[in-house]
Amino acid sequence: MAQLSARGLTLQYEQRRVVERLSTTIPEGKVTMIVGANACGKSTLLRGLSRLLKPSAGVVTLDGKDIHSRPARELARTLGLLPQHPIAPDCITVRELVGRGRYPHQGFFRSWRTGDQSEHDLAVERALEATSTLELAGRNVDELSGGQRQRVWIAMALAQETDVLLLDEPTTYLDLAHQVEVLDLITDLNRRRGTTVAIVLHDLNLAARYADHVIAMKSGTIVGEGPASQIFTEDLVGDVFGLESRVVADPLSGTPLILPIGRHHTATPSTPVELEFAS
Amino acid sequence: MTTRTTTARPLSRQATATRAKAGNDAGTGHRGNRAAWLVVAVVVLAVACAASLAIGARGMSLGTVWQALTAFNPDDGNHAVVHTRIPRTVLGLVAGAALGLAGAAMQGVSRNPLADPGIMGVNAGAALAVVTGIYLFGISGASGYIWLAFIGAGTAAVVVYLIAAMGREGATPVKLALAGAALSAGLYSLMNVILVSSQDTLDRFRFWQVGGIAGSDWSVILSGLPFLSAGALIVLGSARTLNGLALGDDVARGLGQNVALARGVTSLGIVLLCGSATALAGPIGFVGLVVPHAVRFFTGPDYRWILPFSMVLAPALLLASDVVGRVVLLPSEVPAGIMTAIVGAPVFVWLVRRGKGASL
């Protein structure tokens with residue numbers, strides 16, 4: 001278990017401020033979903049939390065220690081990250097790719113030694129097993145479908161065996177079945193190993209269903225934090241996304257289910273739009 | 001549908017070790033026993049060395065070569081011919097190994113399958129520095145060229161990196177290649193300004209520029225050796241870092257790598273290798289580009305194998321090119337740098353066309 005916190009965190013690219021004086025804590029052993037409109041700074045926050053981006057002010061701590069003051073490799077044994085656009089080298093096999101997740105655990109001179117190789121092999125096996133990719137182990141990653149590939153990348157992050165795992169939109173480009181599968185997998189991981197997970201997710205309803213804790217962001221700051229049932233209200237959705245909605249209880253899980261209200265195909269549009277037809 | 005069939009199995013907590021290697025190597029092609037292939041590669045290199053000692057305007061039997069090496073008789077004309085070919089062969093070995101390592105490492109650092117000392121501005125920087133040295137200070141000979149080549153190659157590498165690193169996302173492969181190509185064009189045009197204005201410089205430059213390993217002697221090789229060794233050690237030590245970088249900068253950082261430091265250190269090794277190889281043998285193209293690609297067919301994308309394979313097979317290609325160049329237009333010789341392009345270009349086209357294994 002490990003606690004990841006941000007205090008007074010300001011993140012910027014060149015002169016453009018994206019996250020401003022933000023403070024939060026990712027609850028230990030829970031699944032946290034970070035939601036918000038496009039360009040609200042949620043992915044940037046994840047980059048800041050995972051040390052991909054150096055804060056221009058404020059601090060990110062892991063168990064009380066500044067993550068930028070710790071050796072990178074040591075940190076990578078506790079804090080894992082799956083960014084949005086990882087690159088799979090051509091002709092790399094699933095097993096090889098997952099094996100690269102072991103990097104932070106392998107010393108410079110130990111990479112060839114056979115002594116602790118079995119331990120690394122076992123970690124890779126566990127990751128393949130947990131993501132149901134064991135039967136793909138010998139295949140080339142470029143031959144896989146999008147859903148399989150995403151599971152392989154998650155397996156690589158799992159092989160890192162960290163206490164905290166940050167995922168940036170892990171379900172993008174996946175069909176609904178695969179989205180559910182990936183989120184189920186992450187939940188399994190959280191429940192079985194107590195891994196602290198933070199995910200940037202676009203789909204609010206899936207976020208509501210799978211989150212223990214929700215962080216809602218708007219223009220670089222946090223506008224709501226807490227359990228899904230408290231965060232996903234019609235007011236907050238209106239504020240964060242500028243979208244009118246009806247929030248009902250998900251009949252399957254009891255979590256909030258957000259029903260968007262657009263201008264069309266809703267029985268009672270709340271803002272009737274007057275259309276003028278030229279005659 | 002196709003993907004769901006493999007995912008239906010529920011997660012199990014069973015021990016996994018027993019099934020560890022089941023159905024493992026399907027689709028990995030020739031990768032089963034890389035160590036065995038490396039032995040084959042060393043044999044190929046040995047054959048190329050033997051050919052380089054035996055073949056030329058005056059052909060020798062392998063028996064004569066062996067005698068010349070083990071029981072040298074200074075009165076035997078054949079032995080003397082073999083001995084004149086030794087420095088040339090050794091230079092082919094070290095320059096080829098340096099170019100193979102540098103090419104592979106460059107492709108890894110820039111994550112650019114077309115990276116090559118020629119594309120990244122390093123050769124142009126070395127060449128301009130050498131030409132400037134010849135023109136302004138009348139420097140000649142490889143021991144003088146080597147320092148000029150380092151300065152030029154290093155400066156070019158730093159400038160290319162700084163240009164590419166401007167902007168938010170830093171030195172991406174595409175920006176590196178663009179900056180390298182732009183700087184190369186600029187440096188070569190400056191170089192041409194010097195060359196058209198000085199016939200003497202042009203004459204001396206022409207001999208060096210075509211890339212040849214003929215006419216070399218031990219002092220030249222020895223002057224380059226410390227730099228070549230240092231560069232080779234740095235680059236070979238970067239293998240795991242390059243494996244991380246291959247997954248993208250974000251993943252590499254997530255795995256605990258210092259991406260900027262890794263690029264800097266590996267680039268230093270590349271500059272040492274390219275600078276000394278270029279100073280010793282002139283700019284030799286295609287070896288650094290083609291060999292690492294061919295090698296991936298046997299090794300897959302693991303740099304811990306790509307680098308040693310490239311180090312062994314690049315000198316084999318360079319020596320073979322040099323040998324062919326000696327006999328193809330008798331009685332004159334075609335320099336190795338031209339032969340590598342003639343031999344390398346079709347191989348490269350073939351690699352690109354067959355697709356697999358030909359890119360990163």
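**Reading chain B of a predicted model**

Of the 360 residues in chain B, 52% are buried, meaning under 20% relative accessible area with a 1.4 Å probe and protein chains only. This is a predicted model, in which local features need pLDDT of at least 70, side-chain atom pairs count only at pLDDT 80 or more, and totals for chains, interfaces and linings use all residues. Residues are numbered from 1 along each chain as its sequence is written, and side-chain values use heavy atoms, with hydrogens and water left out.

User: What pLDDT does chain B average?

Analyst: The pLDDT is the predictor's confidence in each residue, from 0 to 100. Where it is low, the predicted coordinates should not be read in detail. Chain B averages 78, and 82% of its residues score at least 70. Over residues 1-30 of chain B the pLDDT is below 50, although this stretch has 48 contacts in the model beyond near neighbours in sequence, a contact being heavy atoms within 4.5 Å.

User: At what angle do the axes of helix 2 and helix 4 of chain B cross?

Analyst: Two packed helices are described by the angle and the distance between their axes. Here helix 2 (residues 34-54) and helix 4 (residues 77-110) of chain B have axes that come within 8 Å and cross at roughly 145 degrees; axes are lines fitted to C-alpha atoms over the stretch in contact, with angles from 0 to 180 degrees between N-to-C directions. Helices are DSSP runs (H or I) of at least four residues, numbered from the N terminus.

User: Which residues of helix 2 of chain B meet helix 4 of chain B?

Analyst: B:Leu45, B:Cys49, B:Ser52, B:Leu53 and B:Ala54 meet residues of helix 4 that include B:Arg85 and B:Leu93.

Notes
Chains are lettered from A and ligands numbered from 1 in the order in which they are written. Buried means under 20% relative accessible area, exposed over 50%, partly exposed in between (1.4 Å probe, protein chains only). Helices (H or I, at least four residues) and strands (E, at least two) are DSSP runs, numbered from the N terminus.
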